[in-house]
Amino acid sequence: MSDENPIVAVAKRVLMNNYRQAPVVMDRGFGCQLWDREGHRYLDMTAGVAVCVLGHADAGLAHAISEQANRLIHTSNLYYVENQVRLADALINRGFPGRAFFCNSGAEANEAALKLARRYQVTTSKKPNRLEIIAFENSFHGRTIGALSVTGQAKYREGFGPLFGPVRFLPFGDVEAVRSAVTTETCAVIVEPVQAEGGIHLPPPGYLQELRRRCTETGTVLIFDEVQTGVGRTGSFYAFEKERVLPDVISLAKGLGGGVPIGAILANEEVSRGFEPGTHASTFGGNPFATAAALYVQDAIDRLGLLERCREAGAYLANSLTRLAERRRPRTRGARGRGLLQGLVLDGDATPVVTKARERGLLISAVGGNVIRLVPALVVGKAEIDEAIEILDAVLADV
Ligand SMILES: *Cc1c(COP(=O)(O)O)cnc(C)c1O
């Protein structure tokens, strides 16, 4: 039995009790498949929480990082790092004119974005009272104190106050709320172009454009948290492309290094003036190893046509989920998402479905309480999507 797994037994003694982990120890992977220590095979529709965009054990990525490790892993930002410069250039050329700063995770990227926005407003625009950050109900921006402070879900914030502020939360999708809350006193607005952890909520058409218009009118810094939606997840490299909105700052992480930890922010020329030498830093940020991984991912996205494949596979997955939702009413309420960020909405708690699916060899996760999230690698095939739907169907028929 999995509970007798010796690794799990030791974990329960030596690890902090902050995760709810399934009693499974993964051993190896290939593409969208994983095998645990006992040899069970799983079809992986989590991709390490929207991280492993090239799938598991991609030979090219493994080669790129082992080559880099043999030459140089880390030197710090005391000196220029060639891979970091090339990566910044690549990310800018994807359609965000500006400058990059590199760090190691999504939360850290959002910390950098908030610090940049504040410093831009209080020093560059000489308005020391422009402090308020506007964020949204149901948002998720990470677990560090700054990122947590703009996360609009009470369950994550409880017991950690006083947090960074002032922060005000608006309902996501309400244009009138934006018009009255965003003023010339607002420092920044931070928003996910698609709310992911909160339950896969898409913005109403034109909403993000309205947000852009109001931020421009008031001189407010508009930050898009593209930690989950970026790097092709929604079918364009950045989610803002589809919305036809250019934010002032974006944060990236998750898929950026294909599994190697790396985060980044991009900011336009004007706002990036908020950082001067000494104002922000990261020891590991943009090191040769992590940026070698990210450069390989950049190259693979184009070489394998992953943006187009994501749009195609995403449409196929969305269709399959919609049909499944119709078949399994009233247990299901529908499906929603964009690209390969898809959710199946249930009529109640999604956790038992996640557990049952895992027992049948399908890995999925629950978000927003009652939503099953599917965020497979961008290389996922139709046969794998069919297999996932088949297992989900059987589980829903059962529970
Ligand atoms: C995952 C996530 C984060 C946090 O990223 P970490 O790397 O876990 O710190 C922030 N924002 C969004 C939208 C995310 O999905």
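A47 is buried, at 3% relative accessibility, where buried denotes under 20% relative accessible area, exposed over 50% and partly exposed the range in between (1.4 Å probe, protein chains only). The model is predicted, so that local features need pLDDT of at least 70 and side-chain atom pairs count only at pLDDT 80 or more, while totals for chains, interfaces and linings use all residues. Residues are numbered from 1 along each chain as its sequence is written, and side-chain values use heavy atoms, with hydrogens and water left out.

A47 belongs to helix α2 (residues 47-50); helices (H or I, at least four residues) and strands (E, at least two) are DSSP runs numbered from the N terminus. The phi angle of A47 is positive, at about 45°, although A47 is not a glycine. A positive phi of about 80° is found at S76, likewise not a glycine. S76 is located in the loop between α3 (59-71) and α4 (82-93). With a relative accessible area of 15%, S76 is buried. Most residues other than glycine have a negative phi, and most peptide bonds are trans.

Two cis peptide bonds are described here, beginning with the bond from G161 to P162, for which omega is near -5°. P162 is placed in the loop between α7 (154-157) and β6 (167-170). The bond joining R329 and P330 is also cis, with omega about 5°. P330 is found in the loop between α13 (306-327) and β11 (332-338).

At the level of the whole protein chain, 15 helices and 15 strands are assigned. The radius of gyration is 21 Å, close to the 21 Å that the globule rule gives for 399 residues, so the protein chain is as compact as a globular protein of that length. The radius is taken over C-alpha atoms, and the rule is 2.2 Å times the number of residues to the power 0.38. The C-alpha trace spans about 60 × 55 × 45 Å along its principal axes. Of the 399 residues in the protein chain, 53% are buried. Among contacts (heavy atoms within 4.5 Å) with a separation of 6 or more, 72% are between residues 24 or more positions apart.

The protein chain exposes about 18000 Å², of which carbon and sulfur atoms supply 52%; the areas come from the Shrake-Rupley method with a 1.4 Å probe, and for residues only the protein chains shown count as cover. There are 45 positive and 44 negative side chains, and the centres of the two sets lie 2 Å apart. In this count Lys and Arg are positive and Asp and Glu negative, with His and the chain ends not counted. Each charge is placed at NZ of Lys, CZ of Arg, CG of Asp or CD of Glu.

The largest nonpolar core contains 79 residues, and those with the most contacts inside it are L91, F136, Y238, L344, L362, I364 and I372. Such a core is a set of buried Ala, Val, Leu, Ile, Met, Phe, Trp, Tyr and Cys residues joined through side-chain atoms within 4.5 Å. A second, separate core has 22 residues, including A112, V150, I190 and V249. When residues up to four places away in sequence are not counted, I372 touches Q342, G343, L344, L346, A350, V353, V354, I364 and S365.

L87, in helix α4, is buried at 0% relative accessibility. L87 and L295 are 208 residues apart along the chain, yet their C-alpha atoms are separated by 5.9 Å. Q298, in helix α12 (residues 288-303), is buried at 5% relative accessibility. Residues up to four places away in sequence aside, Q298 touches L87, A90, L91, R94, F237 and L256.

T144 lies in the loop between β5 (132-136) and α6 (145-149). Beyond its neighbours within four places in sequence, T144 is in contact with A107 and E111. The C-alpha atoms of T144 and N110 are separated by 9.2 Å, at 34 residues apart along the chain. T322 is part of helix α13. Between the C-alpha atoms of T322 and T332, 10 residues apart along the chain, the separation is 9.6 Å.
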